[in-house]
Amino acid sequence: MLIDEVENTALEYVSVAIYSHQDSALVTGAVTQGNGRFEINEIKPGQYYLIAQFLGYDNLTVNDIDVARNRMVDLGTMAMSPNQKLLEEIEVTGERMTAIHKVDRQVYEAEKFQSGIGGTATDVLRNLPSVNVNALGEITVRGSSGFVVLINGKPLQADAQAILNQIPANAIRNVELITAPSAKYDPEGKAGMINIITDKAVTDGMYVQVNTRAGAPSVQDYDNADPARRYGADLTINYHQQKWDLSFGVSYLRNDITGRREGDVFTVINDTLTRFPSDGERSFDEVNYSGRFTLDFTPNSKNNYSLGFYAGKRSKDRTADILYFDNHAIFEGERLYTLQYFNENLRIRRGDFVLGSFDYSHFFESGAKISTSFLYEYTMLGGPTTNRNLGFPNTELIYQDEYNTNDNPLHGIRMQMDYQSRPFKFGTVEAGYQYRNLDHTGDFVYQRRNNETGIFELVPEFSSNVDLMRQIHSFYGLLTGTVGKLSYGAGLRVEIMDRELDLADRGGTLDTTYLYDFIEPYPTVNIQYQVNEELSLKAAYSRRVERTTTFKMNPFPEREHSETLEQGDPELLPEFIDLVELGIVKDFGDNSFFATAWFRNIENLVNRVNTVYNDTILNRIYSNVGRGRSMGLEIGGELRPFPWWQIFAGGNLYHFEISGTFDDRPVNTSNWIYSINANTTFDLSPSFSLQWTLNYLSDRNTAQGEDSRFFSPNLTLRKTFLNDQLAATLQWLNMDMGLLDTNEQRITTAREGEFFTTTNYVYEVDMVLLNLSYTINRSKNKTKFIKSEFGEKEF
């Protein structure tokens, strides 16, 4: 077993080579598993020596290995030392590398990104070279919003954005970005996977961490009705004693955002142009609180049991109180009417959930491993939307008053079994099976107030009952191994999916069932060639799928606000993705550099597109618009010009094109897109540092228009006390000072001869927050919690 000498943790993917003592000829090799173990069989009796190699560590040599016939040689636990560069960072500056590149993933240390402290995982991710977070809080990886989140290596098929907004940033140790996952993992997510790693240790004892966060009053309130409130706290306790490991956590976060939106829309129907420019509040009140509990029992070295529970409540209220100050229609050059009205709109999105899991792993004497996992989730999703069109300036006058709500209980089950063989001369074989079942029902009620009677009446064409049932059976096989300096992995996953969508309107005129099923293969290949200790080359191929959510398949419109309806397509097809990567990683002295060229092809690309519902309302529809192709180059590096100055920066440049049709019209659009995420850190003293970060995302093309550029600069000051047990971090987020257009984004769509719409979202800038963190026994932390599998995606 191979471990890190400093942290005493298992090392995965270490290359182990066996040489003949007689002539130093290479005999065979292996790669360590996740627990640091390896096994080599079918070696002839004789004298050998071993060399273990891993990027970032000094080579480890074990001499005088005597192999006799029919006798197992147990080398015990062997510790590898971080190479001199890492030792200097640990012993002299207290710093470690921000990024480490492994065979199939990039690993980033969360503590390096100070602007995320006290926030959520989303605030950490926005600093990664491949990741962008726009003004609406939407997360993309290489331009795609489709990716899957893992917690401590456990794949979860929930909505990534919702999950990441639930995880306290202070509880994260590392973030692993896996853009081309192997067949071992679920193929969902066109951009790959993000693995959130919590701290682990093997020493006994108690670990406690308490974090608090408080925000200063808003510098700008944007004339919002209520001020933003930002505060929160989280507590994590981990107790590890011999065979038992107990983890407990609670968290609360209030994270409001003030803002406004400026819009302009026109439609054309029968040569009549109707225009309705607008301006007003668009703000968010967000509350998350939850409790988590995990109990691990390891009676011996061969068995491990894990039981987990997670429950909580979350809500996000979006206020959009908009003044339509010049609503008018023009026909043949003459203005037909002019109207001012005030739209009072509140959408409340909630999600109450309870889930539990049980996992078991068994290790055989031969080095093989078998593991099983079961997860069940119940989630209640839904929430009301109120939409009132009022007179202006006399808001007592009611033109239209509408109310819609929905209750969407979700039941999800996942069961899986995985087997990993002992290492053979040709490599290690893995195989497994997974079963997933989703039952998601919805009761959608849309009511409109009768202005004469004052009674709210049902609107049948907007009200429905929905029931989505989806079953997936999947099987996979994977071969991994090492030949000299070459490490490889090749696998195949096969999925059998059945989807049934039952739709009925509440008026009793429609009751339809939509069926869809497939059997699909998902091959994967990962290769790495270690040229020398400081240079490696990588290549990968992965086929993936992006499944559709219930919301995107519900064809009954939902009133988002005055000018917008939103609906899905019951026959929406999943997206199928092919990804190819070629990369290089180079270390030189205290610096490092990486570059990855990538190509992604998406069939059945899903986009949100607009049509005209009536003269003052657009209808947003989720539709398969054709094929999307991206080809790009991702580069990044870590520089240390001086011991007290560190720079970490990365960027992406890619060409994205969409080709297909929508509503019997061609869709052809393309654009060059780029993004930059950079931070620079100055260690003003051993316990005091300053960090400045910049997140920039350029203009991006969509099926019917363009999303504008977006950027956000941030500044943090961090001071530690009491031998690093207490840390205070002062953050200045979305720096603007009235000089920049920070945290703004304009979204524009158009269709010739039918409509044009542009909306500029202006969100809060110059936010100041103070975070305090107190930790007892930092090195003993081994927290790991389960997360939502199904309900987060719908939320």
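R275, a residue of strand β19 (residues 272-275), has H328 as its bridge partner in strand β21, and β19 and β21 (residues 303-331) run antiparallel, joined by four bridges. Strands here are DSSP runs of E with at least two residues, numbered from the N terminus, and two of them pair if DSSP finds at least two bridges between them. The model is a predicted one, in which local features need pLDDT of at least 70 and side-chain atom pairs count only at pLDDT 80 or more, while totals for chains, interfaces and linings use all residues. Residues are numbered from 1 along each chain as its sequence is written, and side-chain values use heavy atoms, with hydrogens and water left out.

R275 also stands opposite F266, and strand β18 (residues 259-269) is joined to β19 by four bridges in an antiparallel arrangement. The hairpin of β18 and β19 has two residues between the strands, and N270 takes a positive phi near 50° there. In a regular strand the side chains alternate between the two faces of the sheet. In β19, T272 and T274 form the covered face, whereas L273 and R275 form the uncovered one.

L235 of β16 is the bridge partner of V210, and strand β15 (residues 205-215) pairs with β16 in the antiparallel sense over 10 bridges. I237 has F248 in β17 as its bridge partner, and β16 and strand β17 (residues 244-255) run antiparallel, joined by 12 bridges. In the hairpin of β16 and β17, with two residues between the strands, Q242 takes a positive phi near 50°.

Notes
Buried means under 20% relative accessible area, exposed over 50%, partly exposed in between (1.4 Å probe, protein chains only).
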